[in-house]
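Q: Could you go through this structure with me, one piece at a time? I have it open, and I'd like to ask things as they come up.

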Amino acid sequence: MNRITLALGVALAALVAAAPVAARPSAAAATTVTVTMKEFKFTLSKAKVPHGKVTFKLTNKGKIEHDFSIAGKKSPKIKPGKTGSLTVTLKAGKIAYKCTLPGHAAGGMKGKLTVT
């Protein structure tokens, strides 16, 4: 009887010790933010994202080309009616974004994304 109790106790201790490891995700999931571009504004699907890898899915619903710049990275120019993407790794803070084409940011194509 003592051997069975000891064996059960050891098995239970092993399960309890292993449980937190099994519950942890192996890697943080990337975040996706949809960005709609128009003259002269951006609409982001999320105002706040967790730090780490973020993919911006870009859609130009305007009548002229636009791009998207954040954290020192810039997308190619996106033609009207076309899509693109930009993936960056962000640290926590308020991160500025903008369209880098002349006059676009001054016209309102800029903002800040909260990264937690």
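Q: How many aromatic pairs does the structure hold?
A: This is a predicted model, and the structure holds 4 aromatic pairs. One of them is formed by F42 and Y97, whose rings are 5.8 Å apart from centre to centre with 70° between the planes, which makes the pair edge-to-face.

Q: What about F56 and F68, how are their rings placed?
A: The ring centres of F56 and F68 are 5.0 Å apart and their planes meet at 45°, so this pair is described as tilted. It too links distant parts of the chain, with F56 in strand β4 and F68 in the loop between β4 and β5, 12 residues apart.

Q: Why does F68 count as buried?
A: Buried means under 20% relative accessible area, and F68 counts as buried because its relative accessibility is 0%. F56 is likewise buried, with a relative accessible area of 0%.

Q: Which residues form the aromatic cluster?
A: F42, F56, F68 and Y97 form one aromatic cluster.

Q: What else is F56 in contact with?
A: If we leave aside its neighbours within four places in sequence, F56 is in contact with V33, V35, F68, I70, G84, S85, L86, V88, L90 and L113.

Q: Which residues touch the most other members of the largest nonpolar core?
A: That core has 22 residues, and the ones touching the most other members are V35, F42, F56, F68, I70, L90 and L113. Strands β1, β2, β4, β7, β8 and β9 each supply at least two residues of this core.

Q: Changing topic, what is the strand order in the open sheet of 4 strands?
A: The order is β2-β1-β4-β7, and the pairing in this open sheet is mixed. Strands β2 and β7 stand at the edges, where each has a single partner strand, so one side of each is left without a neighbour in the sheet. On average, neighbouring strands of this sheet are turned by 25° against each other, with direction ignored.

Q: How many bridges join β1 to β2?
A: Strand β1, which covers residues 31-38, is joined to β2 by 4 bridges, and the two strands run antiparallel. As one example from this region, K38 has K41 in β2 as its bridge partner.

Q: What does β8 pair with, then?
A: β8 pairs with β5 in the antiparallel sense over 2 bridges, and S69 stands opposite K98 in β8.

Q: How many salt bridges does a search of the whole structure find?
A: The search finds 1 salt bridge, formed by E65 and K79, whose closest N and O atoms are 3.3 Å apart. E65 lies in the loop between β4 and β5 and K79 in the loop between β6 and β7, so the pair ties together parts that are 14 residues apart in sequence.

Q: How accessible are E65 and K79?
A: E65 counts as partly exposed at 29% relative accessibility, and K79 is partly exposed as well, with a relative accessible area of 49%.

Q: Where does S75 lie?
A: S75 is in the loop between β6 and β7, and because its relative accessibility is 2%, S75 counts as buried. Apart from neighbours within four places in sequence, S75 is in contact with L58, D67, F68 and L86.

Q: Last one: how many helices and strands are in the whole protein chain?
A: The protein chain has 1 helix and 9 strands, and along the sequence they follow the pattern α-β-β-β-β-β-β-β-β-β. Of its 116 residues, 29% are buried, and among contacts between residues at least 6 apart in sequence, 52% join residues at least 24 apart.

Technical notes. Residues are numbered from 1 along each chain as its sequence is written. This is a predicted model: local features need pLDDT of at least 70, side-chain atom pairs count only at pLDDT 80 or more; totals for chains, interfaces and linings use all residues. Side-chain values use heavy atoms; hydrogens and water are left out. Two strands pair if DSSP finds at least two bridges between them. Axes are lines fitted to C-alpha atoms, for helices over the stretch in contact, and angles run from 0 to 180 degrees between N-to-C directions. A nonpolar core is a set of buried Ala, Val, Leu, Ile, Met, Phe, Trp, Tyr and Cys residues joined through side-chain atoms within 4.5 Å. Buried means under 20% relative accessible area, exposed over 50%, partly exposed in between (1.4 Å probe, protein chains only). Contact means heavy atoms within 4.5 Å. Rings of Phe, Tyr and Trp (its six-membered ring) pair if their centres lie within 6.5 Å; planes under 30 degrees apart count as stacked, over 60 as edge-to-face and the rest as tilted. A salt bridge is a side-chain nitrogen of Lys or Arg within 4 Å of a carboxyl oxygen of Asp or Glu.
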